[in-house]
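Hi,

Here is the structure I promised to pass on.

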Amino acid sequence: MAEIEKYLQAIDLTNIEFDFEKERFETWGDRVEMYLEGKPFPKIDTNVSMAIIGVPEDRASVSNKGCAFAPNRVRSFFYQLMPQDENIKIIDIGDIKPGATINDTYFAISEVVSKLLEYGIIPIVLGGSNDISIGVYMAYVKLAQIINILNVDSRLDLVSEETEVTDENFIHRLLCNEPNYLFDYTHLAYQSYFVDKKALELLDSLRFEYKRLGEVQRKIEDIEPMIRDADMLLLDLDAIRASDSPASSSPHGLYGEEFCKIVNYAGMSDKLTSVCFTGLNPIKDSQDRSAQIVAHAIYYLIDGYLWRKQDFPYKDKENYLKFNVQMEEEDGDVIFYKSKKSSRWWVEVPCSGESQYKYLRHYIVPCLYEDYVAAMNGQVPIRWLIAYNKMNL
């Protein structure tokens, strides 16, 4: 893998507070194959399920300088955790070398991530400031893959007046990037007093979904379909309340358990192909509690991955129960699928054969059983309607 090794530097064990020589129960520190100084670069092949990548980059951060030091703090705590299963192989390919410019760093990230995606490996990207997500998105552009992005953050980083990309406007870059391979963008756990109404109006105009913090916390199970629909998951530590995550900037936010639950749901989804943790600043992190939350979230990501049922309906509909619901306001039936493996639900959005090929991973939309019940009572599912409008403009 010489073509991506040139973008990476070996892990500096002097910055990781974990004793690899100590005799103890096996931990993830013993299990993960790491890129270390003097050691060969880990082999990248289809036997690998996930790859950890550090991105020590914060030059585009406006008010969170120091978050570049986060990757090794997370490693320090993740490698102390006990592994769940022997049948999953995870590697740590070290840190992205900071480029001469921030755009060089984005390019390096895209080159590394795209190669992992080609092998079906899920990159676990440890930032760094949240603008590094641009590099991850560029990897999908490189592969010409249309994707859905799910962003969990207390703020909507959509300020567009600035000419240079920062961690406060990078979402604008994602939404307006050309060529555009973004089918859907969903924002979870935003806090109203941090978000301009015009930004939400923009999301509305683009038919993108968003949920306020209170809506997420009211019944977190109800947002599972939104999480299940994501190819790329962005997780900013500012989504967590400061009492649970001292490096966060708001007294309000998700509880640590809720944050890990969202990541766990994402791990269960056969559709998810990349995860990006950003915004953790060790300088602000009392007793490393924020670093520990990210480490635990990675654990729950793996736990969800091990629960995967390979039940993404666009591949094979034989293992599903099919339900046709006649809607008076629509032409023809609305078709639902229920997995025999996991009992999860999806709804099919009608579109032309050409659109079905283009939107292969998106025309069958995750939903809840309650959406099926609503359809039986004559109510068009909101998620069906949003997807239908996008595919039939």
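Setting aside residues up to four places away in sequence, P56 touches Q9, A68, P71, D95, I96 and P98, where contact means heavy atoms within 4.5 Å. Before going further, some ground rules: this is a predicted model, local features need pLDDT of at least 70, side-chain atom pairs count only at pLDDT 80 or more, and totals for chains, interfaces and linings use all residues. Residues are numbered from 1 along each chain as its sequence is written, and side-chain values use heavy atoms, with hydrogens and water left out.

P56 lies in the loop between β3 and α3. Helices (H or I, at least four residues) and strands (E, at least two) are DSSP runs numbered from the N terminus. P56 counts as partly exposed, at 22% relative accessibility; the scale is buried under 20% relative accessible area, exposed over 50% and partly exposed in between, with a 1.4 Å probe and protein chains only.

E57 is found in that loop too, between β3 (50-54) and α3, but E57 counts as buried, at 2% relative accessibility. Its side chain joins that of T105 in a polar contact of 2.9 Å. For a polar contact I take a pair of N or O atoms within 3.5 Å; within protein, one must be able to donate a hydrogen and the other to accept it, and residues adjacent in sequence count only if both atoms are side-chain atoms. Leaving out neighbours within four places in sequence, E57 is in contact with A68, P98, I102, T105, G128, S129 and I132.

**D153 and R155**

What does a buried D153 do without a salt bridge? The side chain of D153 reaches the backbone nitrogen of R155 at 3.3 Å. R155 is also the nearest side chain of opposite charge, 5.9 Å away. For charges, Lys and Arg count as positive and Asp and Glu as negative, while His and the chain ends are not counted. A salt bridge is a side-chain nitrogen of Lys or Arg within 4 Å of a carboxyl oxygen of Asp or Glu. D153 sits in the loop between β6 (147-152) and α6 (170-176). Not counting residues up to four places away in sequence, D153 touches N130, H187, L188, A189, Y190, D236, D238 and A239.

D238 from that list is where R155 finds a partner: the two side chains meet in a salt bridge (3.4 Å, N to O). D238 lies in the loop between β9 (232-236) and α10 (256-268) and R155 in the loop between β6 and α6, so the pair ties together parts that are 83 residues apart in sequence. D238 counts as buried at 17% relative accessibility, whereas R155 is partly exposed at 26%.

**Other salt bridges**

The count comes to 17 salt bridges by this rule. Among them, K89 and E33 meet through their side chains at 3.9 Å, N to O. This pair links distant parts of the chain: K89 is in the loop between α3 (70-78) and β4 (90-96), E33 is in strand β2 (residues 33-34), and they are 56 residues apart. K89 is partly exposed at 29% relative accessibility, and E33 is partly exposed at 33%.

R31 forms a salt bridge with E26, with the closest N and O atoms 3.1 Å apart. R31 has a relative accessible area of 21% and E26 has a relative accessibility of 39%. There is also a network of salt bridges linking E209, D229, K271 and R383.

**The chain as a whole**

The secondary structure comes to 14 helices and 14 strands. Along its principal axes, the C-alpha trace spans about 65 × 45 × 40 Å. A compact globule of 393 residues would have a radius of gyration near 21 Å, and the chain agrees with its 21 Å; the radius is taken over C-alpha atoms, and the globule rule is 2.2 Å times the number of residues to the power 0.38. Buried residues make up 59% of the 393 residues. Of the contacts with a separation of 6 or more, 75% are between residues 24 or more positions apart.
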